[in-house]
Amino acid sequence: MEVTEKIKEGMKNTVEDTVCEENTAKAMGSGTLTVYATPAMCALLENAASSLAENLLPPEWSTVGCSLSIEHVAPSPLGAKIKATAEVVSVEGRKITYLVTAEDEVGQIGRGKHERFAILREKFQAKAKMRRKV
């Protein structure tokens with residue numbers, strides 16, 4: 001039995017955010033303007049993908065992002081409602097590939113591809129701890 005067997009091509013998940021002072025380019029250090037920051041959009045896109053997978057994996061499993069290639073194509077002002085959608089386009093063993101898009105009330109603001117790997121939580125945390133210099 002493959003751990004990702006419940007995750008199927010075509011599945012979608014959408015999450016939402018609102019542009020506020022804390023997630024602007026100016027506040028996040030990715031620019032000087034009070035518009036939705038690219039790092040905030042990236043995090044929202046990853047959230048859409050990870051939460052889709054998280055609900056379909058056994059409790060001892062999770063996913064980690066390993067690749068994100070996006071275009072941020074339009075600015076969104078303070079107060080704009082942002083929707084990020086992740087759609088599964090392929091599942092190869094433990095690798096899940098998504099088409100990701102973001103939009104505000106006017107239209108698309110971002111798009112791209114995102115890959116995640118299913119991992120055993122404890123094993124992955126142990127691997128991370130081993131990278132700590134003593």
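User: How many salt bridges does the count come to?

Analyst: The count comes to five salt bridges. A salt bridge is a side-chain nitrogen of Lys or Arg within 4 Å of a carboxyl oxygen of Asp or Glu. This is a predicted model, so local features need pLDDT of at least 70, side-chain atom pairs count only at pLDDT 80 or more, and totals for chains, interfaces and linings use all residues. Residues are numbered from 1 along each chain as its sequence is written, and side-chain values use heavy atoms, with hydrogens and water left out.

User: What makes R111 and E71 a salt bridge?

Analyst: The closest N and O atoms of R111 and E71 are 3.0 Å apart. The limit is 4 Å, so the pair qualifies. R111 sits in strand β5 and E71 in strand β2, 40 residues apart. Helices (H or I, at least four residues) and strands (E, at least two) are DSSP runs, numbered from the N terminus.

User: Why is R111 called partly exposed?

Analyst: R111 has a relative accessible area of 34%. Buried means under 20%, exposed over 50%, and partly exposed in between (1.4 Å probe, protein chains only). The value for R111 falls in between, so the label is partly exposed. E71, at 44%, is partly exposed too.

User: How do you know that E115 and K95 form a salt bridge?

Analyst: Their side chains meet at 3.6 Å, N to O. That is within 4 Å, so the pair counts. E115 lies in strand β5 and K95 in strand β4, so the pair ties together parts that are 20 residues apart in sequence.

User: Which residues are linked in a network of salt bridges?

Analyst: K95, K113 and E115 are linked. K113 also bridges to E115, with the closest N and O atoms 3.7 Å apart. E115 is buried at 13% relative accessibility, whereas K113 is partly exposed at 44%. Side chains of opposite charge can pair when their charged atoms come close.

User: Are C20 and C42 buried or partly exposed?

Analyst: C20 is partly exposed, at 28% relative accessibility. C42 is buried, with a relative accessible area of 17%.

User: What makes a set of residues a nonpolar core?

Analyst: The residues must be buried Ala, Val, Leu, Ile, Met, Phe, Trp, Tyr or Cys, joined through side-chain atoms within 4.5 Å. Here the largest nonpolar core has 28 residues. I7, Y36, I82 and Y98 have the most contacts inside it. α2 (38–54), β3 (81–92), β4 (95–103) and β5 (108–120) each give two or more residues to this core. The most come from α2, with eight residues. In soluble globular proteins, nonpolar side chains tend to be buried together.

User: Why is S62 called buried?

Analyst: S62 has a relative accessible area of 12%. The cut-off is under 20%, so S62 is buried. S62 belongs to strand β2 (residues 61–72).
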